[in-house]
Amino acid sequence: MITRTLSRLLVGSLLLAVSGYAMAEAPKPAKSGYEFVKEETRAMQDDEVENTGYIAVEQGRELFNQKPASGKSCASCHGEKGEKLDVQKLARYPIYDKALGGVVRLDDRINICREKQSGDTPLAAHSAELIALETFVRNLAIGEPVNVQTDGEMADVLKKGEELYRIRFGLIDMSCAHCHDSYPGQFIRGQKISQGQGNGFPAYRLDTGEMANLDLRIKQCLVLMRAEPFAPDAEESKLLGAYIMSRSNGLKIETPAMRY
């Protein structure tokens, strides 16, 4: 069933064409958000002691090894330190899996595995526990280049995601592209606007004092745009997140990054 937001995409594209407004192309070369934060923030990210995100890595490690009352822990299959996981495969998330209904994000995969192996109730989206697990697993691939599939069945997914990225939302009537394609490097509230890349997520946000995965960060942006955020399991969430992460292809995974 097509949602109201998706049905707006064609209308939005038509209005832009009629108005003659040309949206900026994605900036090239792709630059990590690391290049746009303050020097002291970069220093904090580079120091595992100073980087608050590593608290989430350790919390995720504990949860990864935690054995439920019935079934297996994550470590039962993947090793105590996650050493049996393929970091190159981790760098490909989100992926397309037709059997699982389409786009599968890393936190989706974690919940699917937990439910399958132990019968556990899925962890709530954006919960501290799920983000900690995602942070631990993503951190295993730190330094690996993001490599989201862009062909095959993912090609149509990314096209729809880009349309969402460029459509205007909320009372402010802005799109993601307005900030991250047209004005990267410019200042807003004393902070530089980045290209909106996803390679550092989950990341520790200095502004809110919490860990945020990419989906949560998108929702926080929508709130700032005075728009109603998508539900965590909404198709729009998965499409937009997949497109944003695909823009980071070739950038090294920095999880846990530190971002404003």
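Select Tyr-243: at 7% relative accessibility, below the 20% cut-off, Tyr-243 counts as buried. Keep in mind that this is a predicted model.

**Stop 1: the tyrosine pair.** The model has 3 aromatic pairs. Show Phe-64 and Phe-136, which make a tilted pair, 4.9 Å centre to centre with 55° between the planes. Now return to the tyrosines. The ring centres of Tyr-165 and Tyr-243 are 5.2 Å apart and their planes stand at 65°, so this pair is edge-to-face. Colour by helix: Tyr-165 belongs to helix 8 (residues 153–166) and Tyr-243 to helix 11, and the pair links distant parts of the chain, 78 residues apart.

**Stop 2: around Tyr-165.** Which residues is Tyr-165 in contact with, leaving aside its neighbours within four places in sequence? They include Ser-175, Cys-176, Ala-177, His-180 and Asp-181. Gln-195, Leu-240, Ile-244 and Arg-247 are also among them, as is Tyr-243.

**Stop 3: the phenylalanines.** Go back to Phe-64 and Phe-136. Both are buried. Their tilted pair, at 4.9 Å, also links distant parts of the chain: Phe-64 is in helix 3 (residues 53–65), Phe-136 is in helix 7, and 72 residues separate them.

**Stop 4: the cores.** Next, select the largest nonpolar core, which has 49 residues. Phe-64, Val-137, Tyr-165, Phe-169, Leu-222, Phe-230 and Leu-240 have the most contacts inside it. Helix 11 supplies the largest share of this core, 6 residues. Another core, of 7 residues, lies apart from it; Ala-56, Ile-131, Leu-216 and Met-258 are among its members.

**Stop 5: helix 10.** Select residues 214–224. Is this helix largely enclosed or largely open? Of its 11 residues, 8 are buried, so helix 10 is largely enclosed by the rest of the structure. The buried ones are Leu-214, Asp-215, Leu-216, Arg-217, Ile-218, Lys-219, Gln-220 and Leu-222. Show their packing partners: helix 7 (128–139), strand 5 (203–205), strand 6 (210–212) and helix 11 (235–246). Then step just past the helix to Arg-226, which takes a positive phi of about 60°.

**Last stop: a charge over a ring.** Select Arg-42 and Tyr-34. Arg-42 lies over the face of Tyr-34, 5.9 Å from the ring centre.

How values were computed
Residues numbered from 1 in each chain as written. Predicted model: local features only at pLDDT ≥ 70, side-chain atom pairs only at ≥ 80, totals over all residues. Heavy atoms only, no water. Buried < 20%, exposed > 50% of the residue type's maximum accessible area, 1.4 Å probe, protein only. Helix = DSSP H or I, 4+ residues; strand = E, 2+ residues; numbered from the N terminus. Contact = heavy atoms within 4.5 Å. Phe/Tyr/Trp six-rings, centres within 6.5 Å; stacked < 30°, edge-to-face > 60°. Lys NZ or Arg CZ within 6 Å of the ring centre and 35° of its normal. Core = buried A, V, L, I, M, F, W, Y, C linked by side-chain atoms within 4.5 Å.
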